[in-house]
Amino acid sequence: MMPTWALNKITIFEDGDPNENPWVTGEPKAEAIEVQAYDASWPVLYQRLSQEILHALGNKALAIAHVGSTAVLGLPAKPVIDIDVLVADPEQEENYVPALNTLGYELSIRERSWYQHRMLRQERPRVNLHVFGPDCPEHIRHILFRDWLSTHPDDLQCYAQAKMQAKEGADNVRDYNQRKQAVVRGVYQKIFQSQGLLN
């Protein structure tokens with residue numbers, strides 16, 4: 001059961017401080033946005049990765065979840081496994097970053113003003129590992145979005161089309177995400193309404 005304060009915040013999309021520099025080692029180079037057909041190996045790969053993370057972090061990992069498009073059966077996606085890991089305090093990087101470094105993850109993003117988000121990146125296989133604190137509204141939204149698309153084929157198809165259109169001409173993830181944001185927010189409105197979270 002989610003605490004009331006978390007439920008009240010999941011309908012609010014916070015932006016964080018626009019003046020904050022989130023890049024730990026500099027902004028990554030531009031790369032082509034590749035969206036490919038669903039691959040049944042993605043959940044299998046996630047299972048292996050999650051076991052490695054759990055082994056490295058032990059009880060410091062409060063939860064581990066497969067999120068993003070590779071977590072939704074039948075959905076086209078960038079071939080990047082997105083994983084959410086919850087820890088007691090993301091600010092205490094010494095409690096989790098060194099252990100994840102041993103697995104090949106490198107701290108890439110530190111966003112103190114946006115849910116204390118950290119992202120660690122692994123190149124092979126390509127993984128974005130997102131670290132949040134307990135009951136983080138963004139993590140809750142990730143789970144709700146994943147589960148909604150898994151059970152609502154019309155919205156899955158609509159989102160799949162939006163992804164294919166968004167990748168055309170986009171040379172960075174920020175542009176790609178902006179181009180499909182309206183569809184994403186529309187799905188979230190349906191989710192929030194179904195949960196009774198809209199007045």
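Me: Why is Lys190 called partly exposed?

Reply: This is a predicted model, in which local features need pLDDT of at least 70 and side-chain atom pairs count only at pLDDT 80 or more, while totals for chains, interfaces and linings use all residues. Residues are numbered from 1 along each chain as its sequence is written, and side-chain values use heavy atoms, with hydrogens and water left out. Lys190 has a relative accessible area of 41%; buried means under 20%, exposed over 50%, and partly exposed in between, with a 1.4 Å probe and protein chains only. Lys190 is therefore partly exposed.

Me: What makes the contact between the side chains of Asp155 and Lys190 a salt bridge?

Reply: The N to O distance is 2.8 Å. The definition asks for a side-chain nitrogen of Lys or Arg within 4 Å of a carboxyl oxygen of Asp or Glu, so the pair qualifies. Asp155 belongs to helix α5 and Lys190 to helix α7 (residues 181-194), 35 residues apart; helices are DSSP runs of H or I with at least four residues, strands are runs of E with at least two, and both are numbered from the N terminus.

Me: Is Asp155 buried or exposed?

Reply: Its relative accessible area is 9%, so Asp155 is buried.

Me: Why are α4 and α5 called roughly perpendicular?

Reply: Helix α4 (residues 137-151) and helix α5 (residues 153-167) pack at about 110°, their axes 5 Å apart. The axes are lines fitted to C-alpha atoms, for helices over the stretch in contact, and angles run from 0 to 180 degrees between N-to-C directions. Under 35 degrees counts as roughly parallel, over 145 as roughly antiparallel, 65 to 115 as roughly perpendicular and the rest as oblique. The two helices are therefore roughly perpendicular.

Me: Which residues of α4 and α5 meet?

Reply: Phe145, Trp148, Leu149 and Thr151 in α4 meet Pro153, Asp155, Leu156 and Tyr159 in α5, contact being heavy atoms within 4.5 Å.

Me: How do you know that Glu91 and Arg118 form a salt bridge, and what does the pair tie together?

Reply: Their side chains meet at 2.9 Å, N to O. Glu91 lies in the loop between β2 and α3 and Arg118 in strand β4, so the pair ties together parts that are 27 residues apart in sequence. Arg118 is buried because its relative accessible area is 0%, whereas Glu91, at 29%, is partly exposed.
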